[in-house]
Amino acid sequence: MGILYIIATPIGNLEDVSFRAIRLLGEVDLVLCEDTRVTARLLARYRLKTPVLSYHQHTDEKKLDLVLGMLARGKNLALVSDAGTPGISDPGGQLVAAARERFGEEVKVESVPGPSAVTAALSISGIPTDRFLFLGFLPHKKGRQTMLVKIAVSEFPVVVYESKHRILKLLDELEALNQQIGKFLSAGPEKPAGAWAALPRDQLSKIKPVTSVVVCRELSKMHETVYRGEPKAIKAMIQASHNEQKGEFVVIIGR
Ligand code: SAM
């Protein structure tokens, strides 16, 4: 039985990769990756010639069989994602689950730790991070309001991933959340509506305004920027920046 290595790769700067990751990416029989063009850039940077195969959330059963068959025949495989740690808000975990299901304890799955946008952002946020709640990407439509309510009642800082398409929308929503919270706090939640109505009464007393937000954009890349403050002020700063909403974002909501 081969070994399946789950290898963390850079979230921007191609130098952010461990010696072990590079050695294994050169030694394995095949690198499974989300987008072969993205992984090809990393392999080329380190002059590695290992074959790659695309493996992502839409990969069909036939390809899964092929991959699991390779493991069964003793081939060592590496799984990487486009950025960071496979399985953290990307499809990496599905292959691990499928291998476990097929081979049980027989298959060895090894982690090769490294960057992740969540830990990179937390590390420079200045927000106490002994405990935090990671919500990944918020749902686009259904369930989004419920997640925003979870943010409002969380006793720990909350981390979310956001794309350039929705970052300003999220900041607007956090601002709106603040206004609702302000009303609750001044008048008392007489008749909470919508997603708030589902909260037990004791949770309503835990809600706190969203005043300390940290938005990390393009971590480890040329245009890395960190914005701190209230949602409205951050929105204005992002709108005023010359590259506006371009890039990738991690949002930390302090509590
Ligand atoms: N597996 C990755 C990890 O370990 O962080 C996350 C993959 S998820 C599909 C991609 C999201 O991560 C982006 O939309 C963004 O929210 C965040 N992200 C990835 N790279 C980033 C970077 N360099 N700066 C800021 N956020 C980043």
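## Exercises on a domain interface and a cavity

In this predicted model, domain 1 and domain 2 bury about 550 Å² between them, and 62% of that area lies on carbon and sulfur atoms.

**Exercise 1.** Determine which three residues supply 76% of the area that domain 1 buries against domain 2.

*Solution.* Begin with the division of the protein chain, in which domain 1 covers 3-112 and domain 2 covers 117-253. On the domain 1 side, Ile11, Ile88 and Ser89 supply the 76%, which is more than any other three residues.

**Exercise 2.** Describe the contacts between domain 1 and domain 2, and state how many salt bridges and polar contacts the rules find across their interface.

*Solution.* First take the separation of the two domains, whose centres, taken over C-alpha atoms, are 32 Å apart. Next, with contact meaning heavy atoms within 4.5 Å, 6 residues of domain 1 touch 10 residues of domain 2. Then turn to the specific interactions, where the search across the interface returns 0 salt bridges but 2 residue pairs in polar contact, both at pLDDT 80 or more. Finally, sort by class the residues on the side of domain 1 that touches domain 2, which gives 2 nonpolar, 3 polar and 1 charged.

**Exercise 3.** Locate the largest cavity and characterise its lining by residue class.

*Solution.* A search of the whole structure finds 1 cavity of 30 Å³ or more, and the largest cavity has a volume of about 60 Å³. The residues that line the largest cavity are Glu34, Tyr55, His56, Leu79, Val80, Ser81, Asp90, Pro91, Gly92 and Leu95. Sorted by class, this lining comprises 5 nonpolar, 3 polar and 2 charged residues.

Terms used: Residues numbered from 1 in each chain as written. Predicted model: local features only at pLDDT ≥ 70, side-chain atom pairs only at ≥ 80, totals over all residues. Heavy atoms only, no water. 1 Å grid on protein atoms, 1.4 Å probe; cavity = no way out; pocket = protein on both sides within 12 Å on 5 of 7 lines; lining within 4 Å. Points joined across faces, edges and corners; volume = space filled by probe spheres on them. Nonpolar A, V, L, I, M, F, W, Y, C, P; charged D, E, K, R; others polar. Domains from an automatic or database assignment. Buried area = accessible area lost by both parts, 1.4 Å probe. Salt bridge = Lys/Arg side-chain N within 4 Å of Asp/Glu carboxyl O. Polar contact = N/O pair within 3.5 Å; in protein donor to acceptor, adjacent residues only side chain to side chain.
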